[in-house]
Amino acid sequence: MVDISVRKKITKIFWIKLILSPILMFAFAYAMVPIYDVFCEITGFNGTTGRINSEQTYAIDESRRIEVSFFAMTMGGFPVQFRPKINSMEVIPGKFYTTSYIAKNNTDKVVIGQAVPSVAPTEAALYFKKLECFCFNKQVFEPHQKIEMTLRFVIEPELDERIKDVSLSYNFFKIKN
C-alpha cells in the first residue's frame, strides 16, 4: 500500500506536469513563427525574398535577360481587388526596376491587409531583393479607394545563369481591425 504522503507527492507532480505541458507547447509554437521567418529570410526558403535598404551598385551584364512574371491573389473574404499593373517584364540582373500593383476596396468599410510575397523558383528568392515594397507594411484601404502600390526591386547578378524566368506572387490577407 502506498503511503499517503507519497500519493500526495505523485498527485502534485502529475498536476504540475499536466499544467506545464500545454503552457510549454504554446510557448514553443509562439516562438517558432519568428524563428521560421528569420530562417526563410536568410535561406530564401519558401520563396521569401530579401530586402535591401539602399540602392546598391552591381556588375551589370547587358547580354543577360530574365523574364519576371507578376501574380496577385487574395485570401477568401478579402474584399479588395488586387492585380499587378503589368503581368511581366524583361530585366537585366543588377539593374533596379520599378513596377506597381493596383488595389481597390469594394466595400463601404475600411479594410486592413498585408501582402505576403513568394518567388519561384525558390533558388531565385535569395537573389530577388526589394528596395521598396507595399508588402513591408500593413495596407489600409479606405472605402471604395483605389490605390497604386509601388514595388522597386533588383535581381542580383549572382543568380544562376540557367534561371531565365522568375515569378513573383503576392497573396493579400485581411488583418482584423
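**Salt bridges and backbone features**

Modeller: Arg162 and Asp160 form a salt bridge, with their closest N and O atoms 2.5 Å apart. Please bear in mind that the model is predicted.

Colleague: Is Arg162 buried or exposed?

Modeller: A residue is called exposed when its relative accessible area is over 50%. The relative accessibility of Arg162 is 71%. Its partner in the salt bridge, Asp160, counts as partly exposed at 30%. Because its value is 71%, Arg162 is classed as exposed.

Colleague: How many salt bridges does the count come to?

Modeller: The rule asks for a side-chain nitrogen of Lys or Arg within 4 Å of a carboxyl oxygen of Asp or Glu. The pair Arg162 and Asp160 is one example. By this rule, the count comes to four.

Colleague: With which residue does Glu62 form a salt bridge?

Modeller: The closest N and O atoms of this pair are 3.3 Å apart, and the cut-off is 4 Å. The partner of Glu62 is Lys95.

Colleague: How many residues apart are Glu62 and Lys95?

Modeller: Glu62 is in the loop between strand S1 and strand S2, whereas Lys95 is in the loop between strand S4 and strand S5. The pair thus links distant parts of the chain, with a separation of 33 residues.

Colleague: Which residue meets Lys85 in a salt bridge?

Modeller: The side chains of this pair come to 3.1 Å, N to O. The residue that meets Lys85 is Glu148.

Colleague: Where is Glu148?

Modeller: This pair links distant parts of the chain, 63 residues apart. Lys85 is in the loop between strand S3 and S4. Glu148, by contrast, is in strand S9.

Colleague: What is the phi of His144 near?

Modeller: His144 is in the loop between strand S8 and S9, and is partly exposed with a relative accessible area of 43%. Its phi is positive, in a residue other than glycine. The value is near 60°.

Notes: Residues numbered from 1 in each chain as written. Predicted model: local features only at pLDDT ≥ 70, side-chain atom pairs only at ≥ 80, totals over all residues. Heavy atoms only, no water. Helix = DSSP H or I, 4+ residues; strand = E, 2+ residues; numbered from the N terminus. Buried < 20%, exposed > 50% of the residue type's maximum accessible area, 1.4 Å probe, protein only.
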